[in-house]
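Please keep the sequence and the three-dimensional view at hand while reading.

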Amino acid sequence: MPERDSTLRIALIGLASLVVAVGIGRFAFTPLLPMMLPDGVLTIPGGGLLATVHFVGYLMGALTAARVPISPRALLPASLIAIGLATLAMGLFAQFWLWLALRWIAGVASAWVLVLVGTHCVNALAEAGREDRQGWVFSGVGAGIAIAGLGCIAMMAGDVSSDVAWLIFGVLALAVAAAIRFGLGPEVPAARPSRSARVSERTPIVWSAVLAYGAAGLGYVVPGTYLPAMAREIVPSPWIFGWGWPVFGAAAFLSTLASAALHRRFSNRQIWGVSQVAMAVGLLLPVMFPHILSIVAAGLCVGGTFMVITMAGLREAHRIAGSADAVRHVAAMTATFAAGQTVGPVFAGALYDATASFTPSLIATAILLVSTGALLARKAPVVHRP
């Protein structure tokens, strides 16, 4: 069991890891897309394809995270370094086929980091009696998104090209990865559990929760990929449209900190279900009121719920499985989340290409969120562990 004095370090390790893996590795592309479009290096359908290939990599990473033949202590920094190098290379090369490979690599590594952090850092904080600091771990996602969004506003205002922006984010990711490498402690184990132990401690997967988690992945990914581009269609000034993404990140950051109070009063499934409805409302706001303020409100609704859903889902996985089998359940939920978000960008990009509007994809995903949220209204199953 980790010492209580180390819980701040563990929380900061998890936070910084998610800044790199999700804030930069997964989502720096979102505020960079409206920079790449006027540079003439990418189109909306091409951006959708890059996003989908990234999410395919994320899906593959989630499916393999529990079986990678490397110790968690070695895999975590290696994955963070891979993300940094793949991000850096996006600014060094201009070939689209190579971009596809780089985004795939970043996707695989991002999933590995999320599974490792969502298993080992969360377990370590729970064992030390500091579940309240789990919110700090997951606030790294919102912090990373806000950093990327604010950085892109500054770079657009300074007429920095998109390739230079990729280089800057790559260097930042590598610097943080190096700091994490030297800050790791026993909370991330240096050995993998034996196969016999993994098999004997297995608990049943609760597929209703897994499917709802996958629907949330599809539900958030359209604004998660295209929110700045949607805002740019309404207001061309980067000083105005660029704020949609930092607002998204700030909402994600604050929501993870506030969720600790919610978890003291409500169950994981209650928080999760209400969050899916709120996310659906956020998707519909730009459809009903095409204004920059509705874009900002959508950023608040979606940014303020997708990490709450992530935390509630992973906490539910730990409740079902316990620490012994948590990595398999976390990986299963991450895989379905990744499957949902893999479909979204190409689906939305194709509909945009056909209709010149994001409205059809926003309506469809809102309906999906509300309908699958009904699965969470059922009583949480009682799991009998071996």
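Leaving aside its neighbours within four places in sequence, Tyr220 is in contact with Arg26, Phe27, Phe55, Met279, Val302, Phe306, Phe337 and Gln341; contact means heavy atoms within 4.5 Å. The model is predicted, so local features need pLDDT of at least 70 and side-chain atom pairs count only at pLDDT 80 or more, while totals for chains, interfaces and linings use all residues. Residues are numbered from 1 along each chain as its sequence is written, and side-chain values use heavy atoms, with hydrogens and water left out.

**Overall architecture**

- The chain contains 14 helices and zero strands; helices (H or I, at least four residues) and strands (E, at least two) are DSSP runs, numbered from the N terminus.
- Of the contacts in the chain with a separation of 6 or more, 86% are between residues 24 or more positions apart.

**Burial and surface**

- Of the 386 residues in the chain, 58% are buried; buried means under 20% relative accessible area, exposed over 50%, and partly exposed in between (1.4 Å probe, protein chains only).
- The chain exposes about 14800 Å², and carbon and sulfur atoms supply 69% of this area, which comes from the Shrake-Rupley method with a 1.4 Å probe.
- Leu63 lies in helix H3 (residues 44–64).
- Leu63 is partly exposed because its relative accessible area is 44%.
- Leu63 and Thr334 are 271 residues apart in sequence, yet their C-alpha atoms are 8.1 Å apart in space.

**The nonpolar core**

- The largest nonpolar core has 101 residues, of which Leu18, Phe138, Tyr220, Trp272 and Phe306 touch the most other members.
- The largest share of this core, 17 residues, comes from H13.
- Such a core is a set of buried Ala, Val, Leu, Ile, Met, Phe, Trp, Tyr and Cys residues joined through side-chain atoms within 4.5 Å.

**Cavities**

- The structure holds five cavities of 30 Å³ or more; a cavity is a set of points on a 1 Å grid over the protein atoms alone where a 1.4 Å probe fits but cannot get out.
- The largest cavity has about 80 Å³ of space, a volume being the space filled by probe spheres set on the points.
- Among the residues that line the largest cavity are Arg26, Phe306, Thr334 and Phe337; lining residues have an atom within 4 Å of a point.
- Helix H13 (residues 292–355) supplies the largest share of this lining, five residues.

Conventions
On a 1 Å grid over the protein atoms alone, a cavity is a set of points where a 1.4 Å probe fits but cannot get out, and a pocket is an open set with protein on both sides within 12 Å along at least five of seven lines; lining residues have an atom within 4 Å of a point.
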